[in-house]
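Below are some notes on the model, as numbered points.

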Amino acid sequence: MIENTTATYPWEQELFNVLKKNNIKQIPYLPDAGHSKIIEMIHDDHSITPVVLTTEEEGVAAVCGAWLGGDRSVLLMQSSGVGNCINMLSLVSNCNFPFVTIITMRGEFGEFNSWQVPMSSAVQGTLELMGVQVHRVEKTEEVAPTVDAALYSAYSSNQRIAILLSQKLIGRKEW
Amino acid sequence: MVNMSKNALNRRSVVNEILTNDRDLLVISGLGSSSYDVHASGDSDTYFYLWGAMGGAAMMGLGLALAQPDRDVVVITGDGEQLMGLGSIATIGVLKPKNLSIVVLDNGHFGETGMQVSHTGLGVNLAEIAKATGFEKVTEIKTGDEVSDISLQVKERNGPFFALVKIASESPGRSLPILDGVELKNRFRKALGHATL
């Protein structure tokens, strides 16, 4: 009945290791259940500054400001937050800032709450329309290598990449 | 009725005084007149002028301030731009970077779009909001004599510091900075000794 595949594979620890290896210094985030472990790890690590946001577009601007000052960062959010970011992504594309965001998906697999579905369905299209490449991850063992590859592309040649962690990977929310 | 004094400060003079006091500031300017004001005081490689991304100036300043803890970061923006990023005041209040100052030039209007009255012209007080979110130092500037206090607070680096500056709702001529975002980014990073890719 429970479709959570995370119990058997320590993908959060691998993801955290990848963030450290890539020298990520700031992590602006809006919480999601799927990000909860990684957010805990970040708060326990003194070399990374977690930045809790009131709305996701704040994080887009923060990532750009951090890079002006020389810091690498990654933005964490859930799928509903992508819509909040649309105009702020013009800052990323217009200035060719490196940009990586990790997005946990709701509204696509065993979703009880239909209010999550409209934005979820529009996530990939919205990001691509605003010039952000989308890599979708379905399996836990692919999370860390995909984020590692995205960080390499972003910070070696100013690319803009979103990694979508599917709801099947995260585990559906039980009500 | 818009509550604005006829003796309110001239925006160009205020910004000029802040910036000419210290040419080493790292500055983010909000879109519209604030960017023109910063440019009119004299250009610098460490001035990043926003021409869009409304609501993002303070958060760019936060990311920059966290990355450059040994430099003074000043965000200069208008009431309308800050109102669109109202939540960022709470975010900065939580993070409390000592080296970040937010200067809001408040004329109570959306100046760039035809001087429509804004929330601050209708009674909303951004300084009170900053106080409530935990900014270490908050001040309201209404006279020319008080402007020098902004530079003192920036130097003190005991922030985050929030200055609400009541300015006249006039539109001085445009002073247009570089429009090319890539150039703005690259020259800024180069000035800090970072690769420009």
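1. The model is predicted. In chain A, the secondary structure consists of seven helices and seven strands. Read from the N terminus, the order of these elements is α-β-α-β-α-β-β-α-β-α-β-α-β-α.

2. Chain A is as compact as a globular protein of its length, because its radius of gyration of 15 Å is close to the 16 Å that the globule rule gives for 175 residues. Along the principal axes, the C-alpha atoms of chain A fill a box of roughly 45 × 30 × 25 Å.

3. Buried residues make up 49% of the 175 in chain A. Of the contacts in chain A with a separation of 6 or more, 78% are between residues 24 or more positions apart.

4. The largest nonpolar core has 110 residues. Those with the most contacts inside this core include A:Val60, A:Cys64, A:Ile103 and A:Ile163, and also B:Val103 and B:Val165. H3(B) gives the largest share of the core, nine residues.

5. What is A:Ile163 in contact with, leaving aside its neighbours within four places in sequence? The partners are A:Ile102, A:Ile103, A:His135, A:Val137, A:Thr146, A:Val147 and A:Ala150.

6. Between the chains, 31 residues of chain B are in contact with 29 residues of chain A. On the side of chain B that touches chain A, helix H3 (57-67), helix H5 (86-95) and helix H8 (181-191) of chain B each supply at least two residues. The largest share, eight residues, comes from H3(B). By type, the residues of this side of chain B are 17 nonpolar, 12 polar and two charged.

Definitions and conventions: Residues are numbered from 1 along each chain as its sequence is written. Chains are lettered from A and ligands numbered from 1 in the order in which they are written. This is a predicted model: local features need pLDDT of at least 70, side-chain atom pairs count only at pLDDT 80 or more; totals for chains, interfaces and linings use all residues. Two residues are in contact if their C-beta atoms, placed from the backbone, lie within 7 Å. Helices (H or I, at least four residues) and strands (E, at least two) are DSSP runs, numbered from the N terminus. Ala, Val, Leu, Ile, Met, Phe, Trp, Tyr, Cys and Pro count as nonpolar, Asp, Glu, Lys and Arg as charged, and the others, Gly among them, as polar. A nonpolar core is a set of buried Ala, Val, Leu, Ile, Met, Phe, Trp, Tyr and Cys residues joined through C-beta atoms within 7 Å. A residue is buried if 20 or more other C-beta atoms lie within 10 Å of its own, exposed if 12 or fewer, and partly exposed in between; C-beta atoms are placed from the backbone. The radius of gyration is taken over C-alpha atoms; the globule rule is 2.2 Å times the number of residues to the power 0.38.
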